[in-house]
Amino acid sequence: MSTKKKIMRRMLFGVGLTLLAQAGNAGLAGAALPGGTLDPLTIPKYVIPLVIPPEMPRSTVQPGAPAADYNIAVRQFQQQILPGGIWDPAGLYNLPATTVWSYGLAEDGPPDSSGLGGAAGVAPAPNSTFNYPAFTVEATSMLPTSVRWINDLVDANGNYLPHLFAVDQTLHWANPAMECMDGTMRTDCSGLSALPYTGPVPIVTHVHGAHVNAVSDGYPEAWWLPDAVNIPAGYATTGTLFDQFDRTNTVPGSAYYAYENDQAAATIWYHDHAMGMTRLNVYAGPAGFWLIRGGAFGDAGVLDATTGLPAQLPGPAPVFGAGDPNFDPAFRSTVREIPIAIQDRSFNMDGSLFYPDNRAFFEGLAPADLQIPFIPDPASDIAPFWNPEAFFNTMVVNGAVWPELTVAPAKYRFRVLNGCSSRFLNLAVVNQTSGLEMPFNQIGSDQGFLSEVVQVKTGSQMVFRGNQWVPGPIAPHPDQAMLMGPAERVDVIIDFGGLPDGTRIRLINTGPDAPFTGFPLDPAVVADPATTGQVMEFVVDSTLSQPSDATATAPENLLLPVQAAQPLTPNIRQLSLNEGQSNLVCVTVDAITGVVTAVPGDIPPCATVGAVPFAPRAAFLGTVAAGMSMPMMWMDQVSETPLSGDTETWEIYNLTMDAHPIHLHLVSFEVVDRQPLVMVPDPADPMMLMPMPAADPALAAVPALANELGYKDTVIAYPGEVTRIRATFDQAGLYVWHCHIIEHEDNEMMRPYVVRHTPDINNSGCVDRIDLKELLKVIRDRQMADIIKLAYDLNNDGKVNTADARFLIANFTRRFGRPCP
């Protein structure tokens, strides 16, 4: 929620200026959001065929040693996202191509669709793996994958390419220039300059949802620059915690990572994660699916309840070598499993992506109407370019605006990702002929299959019991459809069977064009039905039918393989979500013009001058102790330090006005329940209120919804509630947890956490000299990055030194009644 609206809300309580409320609601309902210079209402819908991401082929050429399964580069190129070019052979729309960044095989040249009616150097094209979104990495459970990630954001002459958007250097960010606001010269700090950064772009790739060693996780401070010929003198080329799984990598401008894939089959994805600029890097395009298949909890473990035999899920998925799902019509007609990435974007008339370059955009104001000081003015703590959240006015699916997919009258499996920066989606499938809503048959979530199939429609979640669909144990809100926070995934089956040719089925979105505060939604912020309320369409065509369509198992007959539940645990960790307001800037808002003006001079409490603090300044994670929240910044000492092998319940207190999608790296977790918070007097100071879970039985904890009863890595934490999740932390190392509204993540709503070794470092069942030897080796290793080293902080003091050795010695054990050998 913008400062303008918050000011209105707070002034209504304190001063009763009802004119402000009227001004704040005027003209909001049923209108397209502001954005770039291209009016979204002028963009034709459903004229671009849905691009089906092909499988990423393995590398056949190695750019250096050691060999990697994949050598994947990030590059800049043009893609036809809008109607025009390759999608417009008749020249009816003639909208230009868009400059994007994305991943592809390093050995490939730039895309070229000129032989297909497009333009030279424009994606998608059959001759190149560079595409937005990226091709899909297919992995097998328990079989490792190695990737050399290459930052190739350089031009044809080897000069670095600047960012496509305005990088706010006053945030805590990668900062290769090493010019810190505190006067030090280092990377990964708040920068000194208030000008947009124009230097070489840092990247680091994170595979979201991967159970992976810490070095390969894509830690935000482990970034690196491209191997450009013109890196400015004095710039750091790697981040504070840059490291590689294989340090013998000889390819400059790259990092060598390895992924164990030692987890259940799941729909996970990869994207950039550079410190303080993830929102901008990901908005430029680099993201793709990473699908883990096989294993005990893979498709082969799904049974048909009517026969007890293996079920037949809709398929096949795109497979490298079987055909091109976009340029081979015969192969495309057979595909029944499709990943779908939904993102909101805005465009300019020249086809370029629009991202706001001023804070006033978030407030819904012209820059001249936000009359406040910005950092580095000593009278301000407000970043000049950062927008607390960002909502855009078109819907892009698999790299095309409002596409359509021609489908057979058959069952299709879709792996859906909410790839938006800030937007929560509330999806429904509506038959445009009958006007009736069709169900999603959800079979999976972030980290694999659900415990049972859940049929999802607006206001309903049904499970199949006793040969019929019955309501699930917990009823969703009547307005809730397929609700997805940013970064969440769902694995669904949609059955188009029995529909006549030409039937159009529309995927719609009834989520908000604003921060999500939970249900019910304010009608003024529901997605604009003419733009962001529409996502894509399906068109039925029986000529695409295949013999295998008849053998696909009915969703109600699917018995899904169920992973074991997390063990119950007494280990409870209480954490908080917080929003920070300015400590320096008090503002008033003009009831008629909406102009926001800072109150000049030395500021007493804002209310004493008839003003409110400008907000939000940033968002924070924190801890809760004795009912009191302590917001923390990225650079504060690590406070979450579970022991390797421990299971913990995290109680996440949301003290903000908005919902947040909370993501933990490394682990998969169960959603336990949610419970309303109430404000109660602090026993130590009755004049102060503190949040506590409600004691009223009417406000008791509510278990997870049926479609959350599977393992997840991202959970929606609603405002005014405590959300409980349970996870086992089984791999030592330094990781992060954060809000996946990536505008929040980029400005303090991210914290490191360390999974610490127990004194039995080698897991032998005995703490002995062997463990001590390994610990001393770590203490003496000056080259070891903190990503690994901090896991050896045995005494939990935030350091790894001889004090940990003394702690280990004090915990020497005996084996079978005798001293350890």
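This is a predicted model: local features need pLDDT of at least 70, side-chain atom pairs count only at pLDDT 80 or more; totals for chains, interfaces and linings use all residues.
Residues are numbered from 1 along each chain as its sequence is written, and side-chain values use heavy atoms, with hydrogens and water left out.

Let's start with strand β9, residues 254-259. Helices and strands here are DSSP runs (H or I, at least four residues, for helices; E, at least two, for strands), numbered from the N terminus. Six of the six residues of β9 are buried, so the strand is largely enclosed by the rest of the structure. Buried means under 20% relative accessible area, exposed means over 50%, and partly exposed is in between, using a 1.4 Å probe and protein chains only. In a regular strand, side chains alternate between the two faces of the sheet. In β9, both faces are covered: S254, Y256 and A258 are buried on one side, and A255, Y257 and Y259 are buried on the other. The strand pairs with β5 (residues 145-151) in the antiparallel sense, over six bridges; for strands to count as paired, DSSP must find at least two bridges between them. One spot to look for is W149, whose bridge partner in β9 is A255.

Now for the charges. Side chains of opposite charge can pair when their charged atoms come close. A search of the whole structure finds 28 salt bridges, each being a side-chain nitrogen of Lys or Arg within 4 Å of a carboxyl oxygen of Asp or Glu. Take D746 and R279, whose side chains meet at 2.9 Å, N to O. D746 sits in the loop between α6 (742-745) and β45, and R279 in helix α3 (residues 278-283), so this pair ties together parts that are 467 residues apart in sequence. Both ends are tucked away: D746 is buried at a relative accessible area of 2%, and R279 is buried at 2% too.

D381 and R617 form another salt bridge, with their closest N and O atoms 3.7 Å apart. D381 lies in the loop between β15 (370-371) and β16 (394-397) and R617 in the loop between β34 (612-613) and β35 (618-625), so they link parts that are 236 residues apart in sequence. D381 counts as buried, at 16% relative accessibility. There is also a network of salt bridges linking E138, R293, D299, E337, R413, R415 and D491.

Next, the second largest pocket, with a volume of about 590 Å³. Of the 31 residues that line this pocket, the closest to its centre are Q480, R674, L705, Y718 and E721. The largest share of the lining, three residues, comes from β39. A pocket is found on a 1 Å grid over the protein atoms alone: it is an open set of points where a 1.4 Å probe fits, with protein on both sides within 12 Å along at least five of seven lines, and lining residues have an atom within 4 Å of a point. Grid points are joined across faces, edges and corners, and the volume is the space filled by probe spheres set on the points.

Finally, the backbone. Most residues other than glycine have a negative phi, and most peptide bonds are trans. Here, a cis peptide bond joins Y132 and P133, with omega about -5°; P133 lies in the loop between β3 (122-123) and β4 (134-140). The bond from A615 to P616 is cis as well, with omega near -5°, and P616 is in the loop between β34 and β35. L666 is not a glycine, yet has a positive phi of about 80°. L666 lies in the loop between β38 and β39 and counts as buried at 4% relative accessibility. N796, also not a glycine, has a positive phi of about 60°, but counts as partly exposed at 37% relative accessibility.
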